[in-house]
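Please view the sequence and the structure first.

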Amino acid sequence: MSGIKLLATGSALPQHMITNHDLEQIMDTSDEWITSRTGIGARHHCQGEECHTSLCLEAAKKALERSGVKPEEVGVCLVATLTPDHLTPATACVLQKELGFQEDAICFDLNAACSGFVYALHTAECLLAASQRKYGLVLGAEVLSRVIDINDRSTYVLFGDGAGAAVVEWREEFPSIHAVLGCRGNDQVLTIPGVNKGVPAVVHMDGQDVFRFAVEALPRCAREVAQKAGITLEEVDRFVLHQANQRIINFAVKKLGVDPAKCTGNIAHTANTSAASVPILLDELVQKGEIQPGNKVLCVGFGGGLTWAGALLEVAQGREGDTK
Ligand code: ACO
């Protein structure tokens, strides 16, 4: 044994919300098309001073405050993202300074696109096992409004900005999160060119290919996590699935044969926030009381890379450190 449990969560969405009706005014689209194809009704875009770092700071502060973990107790801080404010310093390093983590805390960003938060959870579990300190701060955050082309209606309507954070505790006696991570390298169906390519860094996506990939990868990954953890899917209290498209989720839920009431999401008001999608939804469910201490939460992300990642995250009853 040895693993992490979830202590607390936080999230942040930009103030400015853009509805499908707002988009109807600026491009050739309709609320009917977007809602029926994706389940998306609105998305949030950063404006003014809002940026990747400010969203991360807001989400991280909420999660830390709710957890009761002090910054000096944090051993690992990871930010999953493909849209940081700067290539260096990593956002995690900015958080180290702004939040006051010790200098030997391990802080870095990682990019596994929409699977990034779950990749980061697994990475944090491994790193905390070797750390003096037992608390980790794991974020997923994106400002995708910076990498979408307003002239491409097939992608512009799909994406939004936001950040989600989770404080986790590692203990020898905790079960592992039984992470299942995977990658099938593909630079055709979902790409954002890098800064040195000489072309605009905007999302290019073959929606139908991504759709086909997602409806296969999501249920397969969820099953593999449950199998690795030695539980049935019925024993899972809550599924937190990457909010890319409501139709993908509906397909996956049907394929898995699980109760749809355990799989509800928030895509209607967040759209697809890539690495931020799983932790933002996790936080919304915790704040609403739909995820409770002791619950087993199966998280799955999938997307660019192509990548997929799943993990079974148990919610702690409180800080183990406090009960010793
Ligand atoms: N408004 C109105 N019409 C549109 C829009 C729009 N915003 N976008 C495309 N259309 C039109 C197309 O031009 C096309 O018109 P045509 O038939 O006259 O050529 C028509 O709608 C159908 O287009 P398709 O691309 O075939 O539409 P589809 O039904 O496949 O839906 C969608 C597109 C929603 C992108 C779907 O393929 C999908 O959801 N794929 C998965 C994408 C995804 O989940 N990506 C994220 C995962 S990875 C990550 O999170 C980064």
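**Helix packing, ligand site and backbone**

Helix 7 and helix 8 are oblique to each other, a class left over once angles under 35 degrees count as roughly parallel, over 145 as roughly antiparallel and 65 to 115 as roughly perpendicular. The model is predicted, so local features need pLDDT of at least 70 and side-chain atom pairs count only at pLDDT 80 or more, while totals for chains, interfaces and linings use all residues. Residues are numbered from 1 along each chain as its sequence is written, and side-chain values use heavy atoms, with hydrogens and water left out.

**Helix 7 with helix 8**

- The axes of helix 7 (residues 207-229) and helix 8 (residues 246-256) cross at roughly 40° and come within 9 Å; axes are lines fitted to C-alpha atoms, for helices over the stretch in contact, and angles run from 0 to 180 degrees between N-to-C directions.
- Helices (H or I, at least four residues) and strands (E, at least two) are DSSP runs, numbered from the N terminus.
- Helix 7 contributes Phe211, Ala214, Val215, Glu216, Leu218, Pro219, Ala222 and Arg223 to the contact, and helix 8 contributes Arg247, Ile248, Phe251, Ala252, Lys255 and Leu256; contact means heavy atoms within 4.5 Å.
- This contact of helix 7 with helix 8 has 10 nonpolar, no polar and 4 charged residues (Ala, Val, Leu, Ile, Met, Phe, Trp, Tyr, Cys and Pro count as nonpolar, Asp, Glu, Lys and Arg as charged, and the others, Gly among them, as polar).

**Helix 3 with helix 4**

- Helix 3 (residues 52-67) and helix 4 (residues 91-99) have axes that come within 10 Å and cross at roughly 55°, which makes helix 3 oblique to helix 4.
- The crossing of helix 3 and helix 4 is right-handed.
- From helix 3, His52, Thr53, Cys56, Leu57, Ala60, Lys61 and Leu64 meet Thr91, Val94, Leu95, Glu98 and Leu99 of helix 4.
- The contact of helix 3 with helix 4 divides into 7 nonpolar, 3 polar and 2 charged residues.

**Ligand**

- There are 24 residues around the ligand, of which Thr29, Cys114, Gln208, Asn245 and Asn272 come nearest (a heavy atom within 4 Å).
- For Trp33, a side-chain N or O atom is 3.2 Å from an oxygen atom of the ligand.

**Backbone**

- Most residues other than glycine have a negative phi, and most peptide bonds are trans.
- The Thr88 to Pro89 peptide bond is cis, with omega near 0°, and Pro89 is in the loop between strand 4 (74-80) and helix 4.
- Gly305 and Leu306 are joined by a cis peptide bond with omega about -10°; Leu306 is in the loop between strand 12 (296-303) and strand 13 (307-315).
- Ala271, although not a glycine, has a positive phi of about 60° and lies in the loop between helix 9 (267-270) and helix 10 (277-287).

Conventions: A polar contact is a pair of N or O atoms within 3.5 Å; within protein, one must be able to donate a hydrogen and the other to accept it, and residues adjacent in sequence count only if both atoms are side-chain atoms. A crossing is left-handed if the near helix is turned anticlockwise from the far one by less than a right angle, and right-handed if clockwise.
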